[in-house]
Amino acid sequence: MSLIRRRKGSEAEKGDRQSSEPKVKDEKIEEEEAGGGDDKKKKKQKKVMGQKRKWSCVDSCCWLVGCICTMWWFLLFLYKMMPDSIPQYVTEAFTGPMPDPPGLKLKKEGLTVKHPVVFVPGIVTGGLELWEGHQCSEGLFRKRLWGGTFGEVYKRPSCWVEHMSLDNETGLDPPGIRVRPVSGLVAADYFAAGYFVWAVLIANLARIGYEEKTMYMAAYDWRLSFQNTEVRDQTLSRIKSNIELMVATNGGNKAVIIPHSMGVLYFLHFMKWVEAPAPMGGGGGPDWCSKYIKAVVNIGGPFLGVPKAIAGLFSAEARDIAVARTIAPGFLDNDLFRLQTLQHVMRMTRTWDSTMSMIPKGGDTIWGDLDWSPEEGYVPNKRKQNCNNNTQLTCQETNKTHAVNYGRMISFGRDVAEAPSSEIEMVEFRVSIFLTLNLEIGAIKGHNVANTSCHDVWTEYHDMGFQGVKAVAEHKVYTASSIIDLLHFVAPKMMARGNAHFSYGIADNLDDPTYNHYRHWSNPLETKLPNAPDMEIFTMYGVGLPTERAYVYKLTPFAKGECYIPFEIDTTADGGSDEDSCLKGGVYTVDGDETVPALSSGFMCAKAWRGKTRFNPSGIRTYVREYDHSPPANLLEGRGTQSGAHVDIMGNFALIEDVIRVAAGATGEDLGGDRVYSDIFKWSQKIKLPL
């Protein structure tokens, strides 16, 4: 007990202890006050360090991007490591047995190499590499600036734009820069890693025995005007020589030419160039095509142009870009960090003369006017099934529930797009175009708004002035004919170069020597087909996809700024819940391959070249082959084997089979003649074009 007994202190000790405690506390308080804010700062620092750092939106974005990239590379690694048979096994487990690739199927039928084939790629699908550049391009000699990984777009975007642009005056190389097309089959087999263009067709041709000596990729710099590819690179001469060599080394069998997209127009230009006398032409004579070409198999050809080209030249956008602008208003126009994305795109693409080759041709006669268009009455969800050439006119769609004025390619406001033409009050702006083209300042154009704040993203809009922008909008509606005048008004320098190389009208008299000039050669409405009665021409294209045909525009909210593109697609204009509406996000759509309307791809072979006409005096046989779009059943099918999309159709098994059969010697009749799903023959009959 004595060990745990607490010794009691005396009363004096207790008193002393109690009185000393407050003194100690007072002393501590005094010390703290004397210490000033030092201790408080230390405590605050400890408290802040002890707290968890606040998670910001930037952290979340970076974390998400990092996770996606890590997962992507991990899955790609697993995909590359697994045996080739596993993906096919997994796909077949979901979809059933996969059909044989067309090349293997036709090999079993006994088809072998016969005619040499020439591929003509379209716009943007061919690779471009650097041969000479400015200091910012150090280390990029013979590296791809276009195609492949597009790594330089992210590493040095300003330098990339500078080197991908052409001279705004000449349409050729800027001083100190040389960008040239990649050569060989690798030039356009893949657009980017994993994204095929010609690769699937090449692989299937190889299955029946084709190799590089019987296949040739006619690569060219797709940024240049067609005639300038000859002026700068002698590309047309090289194509001519290669075709002659392939025919000579393959037993005299004529070549099968397979152009895609803009390559269709490029080869149309070539066929006139090769016949024309030097120095403007190739000097091959009027029978060159008859000697060396068995068939021209056009895939997704924009013979009469594409409305999408108008949106690209007018506001550097199409449907997808317009949607992006809606999701992030002002971002694509933003001057933050000098990333004026759309302005850079416009400045660059307006130096590419080739884009002007796809401006709609034929004016209101082909595309319609304020009150009429060939596709009027089109209903997107009510299309008939396969129509052969015996029933092409009786099985077309006749339902007319929604009247859409497709002839009004650009309308400022949905009310203008749908109003009777008699109620539209238009302010004429074209009076000032003559003054503009003569380098005078018209009253409508107003004061120049460009200044140093625009940095290096000057576009021709900066010379228009506020009154000029206002005049364009107050004109309210534009058809295919008036759009040419519109482009002259908003982009005079670009169109001045374009007029030297392209034409968009309809020839009254094809024997007029005026049409011997190369500016008319890529317009099928201003040229004759070659004198080659034994040659065949196919047009093969996808249908069943909504394709841009007309646009509802508005002034951009930043139109009063100095560096913004003043016009944009009005994405608020929409058909709503109506399934049969052709208006989605400010864009009116028709049947096509998502890029080229069926009317542009099919009209020439369906009517203007059908039989002996003034455009086809030798009666070359023409065939229309359409491929109805069917999306992939699941993600494991990739881009699908029945796609009708503009580029994805290059992997369509039915199209590949048709192409291989023609290369192996089949004729259009052997394929079954025409095969159509759209209203192309009905639409063609509505067009009143003298033949």
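Analyst: Start with one term. Helices and strands here are DSSP runs, numbered from the N terminus. Helices need at least four residues and strands at least two. Also, this is a predicted model.

User: OK. Where is Arg142 found?

Analyst: Arg142 sits in the loop between β2 and β3. Its phi is positive, about 60 degrees, although Arg142 is not a glycine.

User: Which other residue has a positive phi although it is not a glycine?

Analyst: Lys476 has one, of about 80 degrees. Lys476 lies in the loop between α19 (465-475) and β12 (477-478). Its relative accessible area is 28%, so Lys476 is partly exposed.

User: New topic. How many disulfides are there?

Analyst: The count comes to one disulfide. Cys136 is joined to Cys159, with 2.1 Å from S to S. The cut-off for a disulfide is within 2.5 Å.

User: Which parts of the chain does the pair link?

Analyst: Distant parts. Cys136 is in the loop between β2 (128-132) and β3 (144-146). Cys159 is in helix α7, residues 157-164.

User: Why is the disulfide right-handed?

Analyst: Look at the torsion about the S-S bond of Cys136 and Cys159. The torsion is about 80 degrees, so the disulfide is right-handed.

User: And Cys159, buried or exposed?

Analyst: Buried. Cys159 has 7% relative accessibility. Its partner in the disulfide, Cys136, is partly exposed at 32%.

User: What about Cys67?

Analyst: Cys67 is partly exposed, because its relative accessible area is 34%.

User: And Cys289?

Analyst: Cys289 is buried, because its relative accessible area is 0%.

User: Last one. Which peptide bond is cis?

Analyst: The bond from Ala278 to Pro279 is cis. Its omega is near 5 degrees.

User: Where does Pro279 lie?

Analyst: Pro279 is in the loop between α11 (262-275) and α12 (288-292).

Technical notes: Residues numbered from 1 in each chain as written. Predicted model: local features only at pLDDT ≥ 70, side-chain atom pairs only at ≥ 80, totals over all residues. Heavy atoms only, no water. Buried < 20%, exposed > 50% of the residue type's maximum accessible area, 1.4 Å probe, protein only.
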